[in-house]
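Subject: Structure handover

Hello,

Here is the structure for your records. My notes on it follow below.

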Amino acid sequence: MKRRSLLGLVAAFALAGCSSNTEQTIEVSGLLARNADDTAHTLDIEIVVDDELTFEESVRLDAAVYDGDRLVDDSTKKWRGVGSESERYILRTRIDESGWSETDLAEAGFSCVNVDIDIRLGGEERVLYYHCESG
């Protein structure tokens, strides 16, 4: 079995109708992990709020199912309410015990964020932030 390597971290921002974060605080409303690779992976997730580890999870995501090039089924895990409002959120992720990737969610500039962590075909990780309605 060929070992997949972590190719990189890509951040993408998508606005969904809220104003930007002027208070410099952020709330993580939801977290979703999805494996679209044809190999099962273990994803470790940590959220650090104001230098304190507040969320820690290790999840095994099954291999995705393909029909030719068409994705038929992926493995998904969702969490809600993973953190309270704070000035600094650091998201740490790693796949299959490789090196940790670290993302400062405050850089999104939103007061409320949903986070998607995708493992793409080939084992590449991609983190996406989406603006959400707080409250």
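The model is a predicted one. Of the contacts in the protein with a separation of 6 or more, 69% are between residues 24 or more positions apart. The secondary structure consists of eleven strands and zero helices, so in sequence order the pattern reads β-β-β-β-β-β-β-β-β-β-β. The protein has 135 residues, and buried residues make up 40% of them.

Core

The largest nonpolar core has 23 residues. The members that touch the most other members are Leu31, Leu43, Ile45, Trp79, Leu91 and Val115. At least two residues of this core come from each of strands S2 (27–35), S3 (41–49), S4 (52–61), S8 (89–95) and S10 (112–119). As a general point, nonpolar side chains in soluble globular proteins tend to be buried together.

Leu31 has contacts with Ile45, Phe55, Lys77, Lys78, Trp79, Val82, Val115 and Ile117, leaving aside residues up to four places away in sequence. Among these, Ile45, Trp79 and Val115 are also listed with Leu31 as core members that touch the most others.

Sheet

An open sheet is formed by four strands in the order S4-S3-S8-S9, with antiparallel pairing. S4 and strand S9 (101–104) each have a single partner strand and stand at the edges, so one side of each has no neighbour in the sheet. On average, and with direction ignored, neighbouring strands of this sheet are turned by 15 degrees against each other.

S3 and S4 run antiparallel and are joined by nine bridges. Leu43 has Val59 in S4 as its bridge partner.

Glu46 is located in strand S3. Is this residue, Glu46, buried or exposed? Glu46 has a relative accessible area of 13%, which is under the 20% limit, so the residue counts as buried. Leaving out residues up to four places away in sequence, Glu46 touches Leu53, Phe55, Glu56, Ile90, Leu91, Arg92 and Trp100. Phe55 is therefore a contact of Glu46 as well as of Leu31, and the residue is buried by the 20% limit.

Aromatic pair

How many aromatic pairs does a search of the whole structure find? The search finds one. The ring centres of Phe55 and Trp79 are 5.9 Å apart and the planes are at 80 degrees, so the pair is edge-to-face. Phe55 lies in strand S4 and Trp79 in strand S7, 24 residues apart, and the pair thus links distant parts of the chain.

Arg80

Arg80 is in strand S7 (residues 75–80). Its relative accessible area is 64%, and Arg80 is exposed because the value is over 50%. Not counting residues up to four places away in sequence, Arg80 touches Ser29, Gly30 and Asn114. Arg80 and Ser29 are 51 residues apart along the chain, while their C-alpha atoms are separated by 6.1 Å.

Regards

Definitions and conventions. Residues are numbered from 1 along each chain as its sequence is written. This is a predicted model: local features need pLDDT of at least 70, side-chain atom pairs count only at pLDDT 80 or more; totals for chains, interfaces and linings use all residues. Side-chain values use heavy atoms; hydrogens and water are left out. A nonpolar core is a set of buried Ala, Val, Leu, Ile, Met, Phe, Trp, Tyr and Cys residues joined through side-chain atoms within 4.5 Å. Buried means under 20% relative accessible area, exposed over 50%, partly exposed in between (1.4 Å probe, protein chains only). Contact means heavy atoms within 4.5 Å. Two strands pair if DSSP finds at least two bridges between them. Axes are lines fitted to C-alpha atoms, for helices over the stretch in contact, and angles run from 0 to 180 degrees between N-to-C directions. Rings of Phe, Tyr and Trp (its six-membered ring) pair if their centres lie within 6.5 Å; planes under 30 degrees apart count as stacked, over 60 as edge-to-face and the rest as tilted.
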